[in-house]
Amino acid sequence: MRQGGASEPAIQLAGGPAGDQATQQRNSANQMLAAADENLKKMAGRQLTANQQDMVKQVRQFMEQSKAATAAGDLDRARTLAWKAQLLSEELTGAEKK
């Protein structure tokens, strides 16, 4: 231990603010994935165009990639992919209403 002189670097403990942020990111991604899943359920059983079928596949890919990123601990990527899945699924359900 040093007396006086230089200060020791601060250590961030898990469960502190960084842990709270990770929890928020994980929850946010999960909410967006749930919304995307609900949108896909709305499309189930409907006759889809080839373009709409491609969109459904892309939404599912984004969802799978988001879950994989969460499992790997890359929460920023997980959240971004979940956001893309939600946006695309909303576009898909919006296009169906027209």
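Hi everyone, let's start with the charged side chains: a search of the whole structure turns up two salt bridges, a salt bridge being a side-chain nitrogen of Lys or Arg within 4 Å of a carboxyl oxygen of Asp or Glu. Before I go on, this is a predicted model, where local features need pLDDT of at least 70 and side-chain atom pairs count only at pLDDT 80 or more, while totals for chains, interfaces and linings use all residues. Residues are numbered from 1 along each chain as its sequence is written, and side-chain values use heavy atoms, leaving out hydrogens and water.

So, who takes part? Asp-37, Glu-38 and Lys-41 are linked in a network of salt bridges. Lys-41 pairs with Asp-37, their closest N and O atoms being 3.6 Å apart, and with Glu-38, where the closest N and O atoms are 3.7 Å apart.

Where do Asp-37 and Lys-41 lie? Both are in helix H1 (residues 17-43), four residues apart, about one turn of the helix. Lys-41 and Glu-38 are three residues apart in helix H1, so about one helical turn separates them.

Now the whole protein. There are three helices and zero strands, in the order α-α-α; helices (H or I, at least four residues) and strands (E, at least two) are DSSP runs, numbered from the N terminus. Of the 98 residues, 31% are buried. Thanks, everyone!

Key: Buried means under 20% relative accessible area, exposed over 50%, partly exposed in between (1.4 Å probe, protein chains only).
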